[in-house]
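Thanks for coming. Please have it open while I talk.

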Amino acid sequence: TGIIDADVDLAEGEVLGVAGLLGSGRTALARAVTGVDRLDGGQVTIEGRPVRLNSPRKAMDLGVVYSSENRRAEGVLGDMSVMDNITLALQAQRGAFDRIKPARQRELAASWADALDIRPSDLDRPVRTLSGGNQQKVMLARLLALSPRVLVLDEPTRGIDVGAKVEIQNLVSDLATNGLSVVFISAELEEVLRVSDRVAILRDARIVETVTSGALTVESVLALVAHPASSEA
């Protein structure tokens, strides 16, 4: 899968940040724990029960959802409406023979658009006409409509303006407060520290340690991701 060693746990309502340099395996880790890439070994457990996350659909059924860093290829569908984008994954999970009724579809989309403050508040508007930050909110709404227990976010604020970044960061904190477990992966170390309860240090495709975020600074994280702690003595 591209990950050699990743021994880590995630508590309910926790934001676990993942920090590592380019090429350290950040995205490989996200794909491994969400069923996109199959594990060659090791074990994933949810609430103490071993599970096989051998496909994104299986992970989704178990409450583990993934927001890819590649939003253009794997994210929102620009020509589709805000409403259709938000309800897309839920409809896919239900299957072609259990269609969401149009009134219920609009109700669901409206509730998530309101909760995430998606602007403009026009559910029939093509998503491509929204700002990058609001497109990302639509992607998050699509995942949250599945009522997940674990949300894995890979570079969720890449390419959006500063104000939208703060909104997404605050949203992540609110979701965790309400019991959702979040894995937050970002190249911006300051952002990782701001939103995370703990930070997993990823180096050479291995999680080498996990540290409480309050005990870290950007400088200390940078030192950890770049150099083995054992060599610093």
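How much space lies in the largest pocket? About 980 Å³. A pocket here is defined on a 1 Å grid over the protein atoms alone: it is an open set of points where a 1.4 Å probe fits, with protein on both sides within 12 Å along at least five of seven lines. Lining residues have an atom within 4 Å of a point. Grid points are joined across faces, edges and corners, and the volume is the space filled by probe spheres set on the points.

Before I go on, this is a predicted model, so to speak of a local feature we need pLDDT of at least 70, and side-chain atom pairs count only at pLDDT 80 or more, while totals for chains, interfaces and linings use all residues. Residues are numbered from 1 along each chain as its sequence is written, and side-chain values use heavy atoms, with hydrogens and water left out.

Back to the largest pocket. It is lined by 36 residues, and those closest to its centre are Val8, Asp9, Val33, Val44 and Thr45. Five elements each supply at least two residues of that lining: β1 (15–19), α1 (26–32), β2 (44–46), β5 (150–154) and β6 (181–185). Helices (H or I, at least four residues) and strands (E, at least two) are DSSP runs, numbered from the N terminus. Sorted by class, the lining of the largest pocket has 21 nonpolar, eight polar and seven charged residues. Nonpolar covers Ala, Val, Leu, Ile, Met, Phe, Trp, Tyr, Cys and Pro; charged covers Asp, Glu, Lys and Arg; the others, Gly among them, are polar.

The second largest pocket holds about 350 Å³ of space. Its lining has 19 residues, of which Pro56, Met60, Tyr66, Met139 and Leu143 are the closest to the centre. Here the elements that give two or more residues are α2 (56–61), β4 (64–67), α4 (82–94) and α6 (132–144). This second lining has 12 nonpolar, four polar and three charged residues.

Now the chain as a whole. There are nine helices and eight strands. The C-alpha trace spans about 65 × 40 × 30 Å along its principal axes. The radius of gyration is 18 Å, which agrees with the value near 17 Å that a compact globule of 233 residues would have. That radius is taken over C-alpha atoms, and the globule rule is 2.2 Å times the number of residues to the power 0.38.

Of the 233 residues, 46% count as buried. Buried means under 20% relative accessible area, exposed means over 50%, and partly exposed is in between (1.4 Å probe, protein chains only). The chain exposes about 11,800 Å², with carbon and sulfur atoms supplying 49% of it. Those areas come from the Shrake-Rupley method with a 1.4 Å probe, and for residues only the protein chains shown count as cover. As for contacts (heavy atoms within 4.5 Å), among those between residues at least 6 apart in sequence, 68% join residues at least 24 apart.

Is Arg26 buried or exposed? Arg26, in helix α1, is buried, because its relative accessible area is 10%. Leaving aside neighbours within four places in sequence, Arg26 is in contact with Gly20, Leu21, Glu155, Ile185, Ser186, Ala187 and Leu202. Arg31 is also found in α1, but at 23% relative accessibility Arg31 counts as partly exposed. The C-alpha atoms of Arg31 and Asp154 are separated by 9.3 Å, though the two are 123 residues apart along the chain.

Ser81 sits in the loop between α3 (71–74) and α4. It counts as buried because its relative accessibility is 11%. Not counting residues up to four places away in sequence, Ser81 touches Leu123, Asp124, Arg125, Pro126 and Val127. From Ser81 to Arg26, 55 residues apart along the chain, the C-alpha separation is 31 Å.

Last, some backbone details. Which peptide bond is cis, with omega near -10°? The one from Arg119 to Pro120, and Pro120 is in the loop between α5 (102–115) and α6. Glu47, in the loop between β2 and β3 (49–51), has phi near 55°, a positive value in a residue other than glycine. Glu47 is exposed, at 75% relative accessible area. Asp204, in the loop between β7 (198–203) and β8 (206–212), has phi near 50°, again positive in a residue other than glycine. At 57% relative accessibility, Asp204 counts as exposed.
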